[in-house]
Amino acid sequence: MGALLELEHIGKNAGGGPGSWLFRDVNAVVAEPSIIHILGLSGQGKSTLLRIIGLLTPPDEGTVRLQARAAAEWVPEKWRSLVSYVAQHPVMLPGSVEENLRAVSRIHQQPFEARYARALMERVGLGELAWEKDASLLSGGEKQRVALVRTLLLRPRILLLDEVTASLDIHSQRAVEELLTHVHREDGVTLLWVTHHLEQARRLGDRIWFMAEKSLLEDAPAAAFFHSPRTEMARRFLQDGSMKEGQLHHV
Amino acid sequence: MSDWALWLTLVFVLIAVLLSLWQRIGLEREIVISTARTAVQLFAIGYVLQFVFHTDHPALILLLILMMIGVASWNAARRGKDLPAVIWPVAVTLSATELFTMALLLGLRIIAPTPQYLVPLSGMIIGNSMIVCGLFLSHMKREVEASRGEIETLLCLGANIRQAIQDVLKRSVKSSLIPTFDTMKTLGLVQLPGTMTGMIIAGANPLEAVRYQILIMFTFSASAVVSAVLLSLLSYKRWFTDQKMLRG
């Protein structure tokens, strides 16, 4: 059995011209279930990389492998059931909260795991939310959490999280973090997590992928990355980020 | 109609050109070209129809209908020009609609199998289906853009492309059919339709003209639904790449 996930020379060209590569030659291996935070300044292609892994955007070069089989060898639906992407601005499907939660069972024609759904909703602080409520009327933070629960009902092996806590208040953010670390610990779900919260990555991450200079500049254990980054670019990124978070904390 | 009367109809074109010049709309060239094309195309088809009716050979009728399907497919497919080879599902849809409608009309002995019925009715059915196909592709384009998030959310939950795009397909089929049924609702109240008008001008009894118009409108309603549903089924995969990613 090969690695869980492998990225081989992944490249994405944003405009089609030779000078418009968003990133190139991204190589990484996820050997075992882990929490990997993807860091980098805006515009480095972090979300695009997640979308490529989630089979939503085609790479312009390179191959993504899941359990040693290239994406092209997989039935896409099967891949996406194992590797599921949660967007920064989640979309609620038409209908009620319950209809959103039942989406997975409807799509896969399986019985609805009501108890599991209820437990997940409670874990993210939505235990009191009325399931018959129109999902389009939820607040941004509620939508994000319902979207996360909806995806977890799919029981994926890898979750691609695109700044999923960015729109949450600190209380909900902690609830979501706890849920995600719980599914990682208990069910062995790998989290590939794009974030701008350095403190979050430091606290929760096993590894860090640092994207800069149109590539994956560093792939290191979280502790090593935060303690002694290899590149000057990462050092500056951490300095600036820590300063900003320090100021926010102070405020 | 005498030749002189026909020449006199150019007065209407002249008025349009003069108005365009006076108001500096800049449409003179368009008006002249479209006038010339109308005259040339209609006379050409007039001579072709005369020849086909006179010869009364099934191969010629078939050839004429195939030409209509070809031109209509090309025209409707332009609405989906971002999609790969969408002309083929459109051509299959138009052919199947024509076949289905004609089979019913002939099978139920509603019309006689003569060129006088087959050619003009085929033209109208194919023309109407072409409009429905074009509308469907336009609506799909808009709907897919507007519902991109919804489609991708479903894909992320492991849905197949049919499940992911099902609601968008339904909405587009519905939108593409609304004009056909709206026209039927107001027929006779707002406008007198072409076939009926033509027959009355040519001296037919108005009630006889109405019967033919009803035949055409009922045929249109069925052929429109067949076209929209069939094209939706034949074309939805083209909105996705080979790896079932939404194009865009």
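1. The interface between chain A and chain B buries about 1,800 Å², and 62% of that comes from carbon and sulfur atoms. Buried area here is the accessible area, with a 1.4 Å probe, that two parts lose on being put together, summed over both. Within the share that chain A buries against chain B, A:Glu77, A:Arg80 and A:Ile107 supply 33%, more than any other three residues. In terms of contacts (heavy atoms within 4.5 Å), 23 residues of chain A meet 15 residues of chain B.

2. On the basis of the note: this is a predicted model, in which local features need pLDDT of at least 70 and side-chain atom pairs count only at pLDDT 80 or more, while totals for chains, interfaces and linings use all residues. Residues are numbered from 1 along each chain as its sequence is written, chains are lettered from A and ligands numbered from 1 in the order in which they are written, and side-chain values use heavy atoms, with hydrogens and water left out.

3. Chain A contains 10 helices and 10 strands. Chain B has 10 helices and zero strands, so its elements read α-α-α-α-α-α-α-α-α-α from the N terminus; helices (H or I, at least four residues) and strands (E, at least two) are DSSP runs.

4. The C-alpha trace of chain A spans about 50 × 50 × 35 Å along its principal axes. The radius of gyration of chain A is 18 Å, which agrees with the value near 18 Å for a compact globule of 251 residues; the radius is taken over C-alpha atoms, and the rule is 2.2 Å times the number of residues to the power 0.38. For chain B, the C-alpha box along the principal axes is roughly 70 × 55 × 35 Å.

5. Buried residues (under 20% relative accessible area, 1.4 Å probe, protein chains only) make up 54% of the 251 in chain A and 36% of the 248 in chain B.

6. Accessible surface, by the Shrake-Rupley method with a 1.4 Å probe, is about 11,600 Å² for chain A, with 51% belonging to carbon and sulfur atoms. For chain B the figure is about 14,500 Å², and the carbon and sulfur part is 68%.

7. Counting Lys and Arg as positive and Asp and Glu as negative, without His and the chain ends, chain A carries 29 positive and 31 negative side chains, with the centres of the two sets 1 Å apart. Chain B carries 20 positive and 14 negative side chains, and the centres lie 4 Å apart. Each charge is placed at NZ of Lys, CZ of Arg, CG of Asp or CD of Glu.

How values were computed: Buried means under 20% relative accessible area, exposed over 50%, partly exposed in between (1.4 Å probe, protein chains only).
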